[in-house]
Amino acid sequence: KYSEKRTLKDVVILFDKLEVFKKRYDELNGLLYDPEFVTDQEKYRSVMKELKGLTPIVEKYEEYKNAKKAENEAKQLLADGGLDRDFRELVETELNDAREKIEKCSNELKILLLPKDPNDDRNVIVEIRGGAGGEEAALFSGVLFRMYSMYAETKGWKTEIINASETELGGYKEISFIISGEGAYSKLKYESGVHRVQRVPETEAQGRIHTSTVTVAVLPEAEDVEVEINPSDLQIDTYRASGAGGQHINKTESAIRITHLPTGLVVECQDERSQYKNKDKAMKVLKSRLLEAKMKEQTDAMAQERRTQVGTGDRSERIRTYNYPQGRMTDHRIGLTLYRLEDILNGNIDEVIDALITADRAAKLESAIEG
């Protein structure tokens, strides 16, 4: 139901803040006509990125203002009187439509004005490790890798393996890979945590259902300027890459192991035949892990913010169960249960991710209003 009563906070959100954004948007658009600005590629990219973030807010604000103008005009016509019955009904309809539009735009603007995760547009590094369940956990690690790879393909993103430790039955003790594409982190960041699988293992002769776990970590890919690493803090070792069962697949020492001495972090990469390429990939992972640690420190310091997130991203948090006998997937953070497990494991996880995004926004919006 429409109400003209608005809190002071709503007024601030819908006018003061939005006018600032509109002014900045106009300033940035003006720069695009400056020949000197266009030749500065770094500044140009920065401005275009800021414009991209402001555009949906400003466009929605224009919708809001147009609806507000239509409301005021309809109210004025009704206040002036002298209208015949048919025209009055038409004006009243327009007034109701305008009010509905105002309410809709107001709600959408509140969501658009929520603080944006600065990492949302980044590529991601995904690390999957088998947990409880031995070989069965390793096999399910492979299932999750396939799920994320197929999902990335539907989005037009690129998947590139960094390091993989295969088992003889075709599973992975652990596998890490990069998914490159616009908005990859914004979609996949909710996947961090413990994934539980309940099914009859291929290795089980009695047909009993086993429960196994797999840990997933999703890290935003770090940019060079964010994480500085002193070369003297690194211990770099080379070794021969090996396949399942310890068989050597490479006669040269192209695999790389990097140890970050101050933190004890160890990163390995053996997917490429080139030692240089393996080192480059390993450094990307190391920088992203150091960035993750830095982000965790900041998040831990903001306890209230952490409580408003859907899932903390903690690797020890059990977030989801995949039950094969029932064809069921349940996300425990938001109580979502879907009975189309095969479809989900084939990479069709948009419904799950969209539900998590919606729940996260709703929690943050509630927190912002209460604050």
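These questions and answers look at a few features of a predicted model.

Reader: What makes Thr259 count as buried?
Author: Its relative accessibility is 14%. Buried means under 20%. So Thr259 counts as buried.

Reader: Where is Thr259 found, and what does Thr259 touch?
Author: Thr259 is found in strand β7, residues 255–260. Leaving out residues up to four places away in sequence, Thr259 touches Asp233, Leu234, Gln235, Leu265 and Val266.

Reader: Why is α3 called roughly antiparallel to α4?
Author: The axes of α3 (residues 41–80) and α4 (residues 85–112) cross at roughly 155°. Angles over 145 degrees count as roughly antiparallel. Therefore α3 is roughly antiparallel to α4. The two axes come within 8 Å, and the crossing is left-handed.

Reader: Which classes of residue make up the contact of α3 with α4?
Author: There are 16 nonpolar, one polar and ten charged residues.

Reader: What is the order of the strands in the open sheet?
Author: Eight strands run β2-β3-β1-β5-β4-β9-β10-β11, with mixed pairing.

Reader: Why do β2 and β11 stand at the edges?
Author: β2 (158–166) and β11 (336–338) each have a single partner strand, so one side of each lacks a neighbour in the sheet. From one strand to the next, the twist averages 15°.

Reader: How do you know that β2 and β3 pair?
Author: Pairing takes at least two bridges. β2 and β3 (residues 172–180) have eight bridges, in the antiparallel sense. Asn163 stands opposite Ser176 in β3.

Reader: Which helix packs on the sheet?
Author: Helix α5, residues 135–154, does.

Notes. Residues are numbered from 1 along each chain as its sequence is written. This is a predicted model: local features need pLDDT of at least 70, side-chain atom pairs count only at pLDDT 80 or more; totals for chains, interfaces and linings use all residues. Side-chain values use heavy atoms; hydrogens and water are left out. Helices (H or I, at least four residues) and strands (E, at least two) are DSSP runs, numbered from the N terminus. Axes are lines fitted to C-alpha atoms, for helices over the stretch in contact, and angles run from 0 to 180 degrees between N-to-C directions. Contact means heavy atoms within 4.5 Å. Buried means under 20% relative accessible area, exposed over 50%, partly exposed in between (1.4 Å probe, protein chains only). Angles under 35 degrees count as roughly parallel, over 145 as roughly antiparallel, 65 to 115 as roughly perpendicular and the rest as oblique. A crossing is left-handed if the near helix is turned anticlockwise from the far one by less than a right angle, and right-handed if clockwise. Ala, Val, Leu, Ile, Met, Phe, Trp, Tyr, Cys and Pro count as nonpolar, Asp, Glu, Lys and Arg as charged, and the others, Gly among them, as polar.
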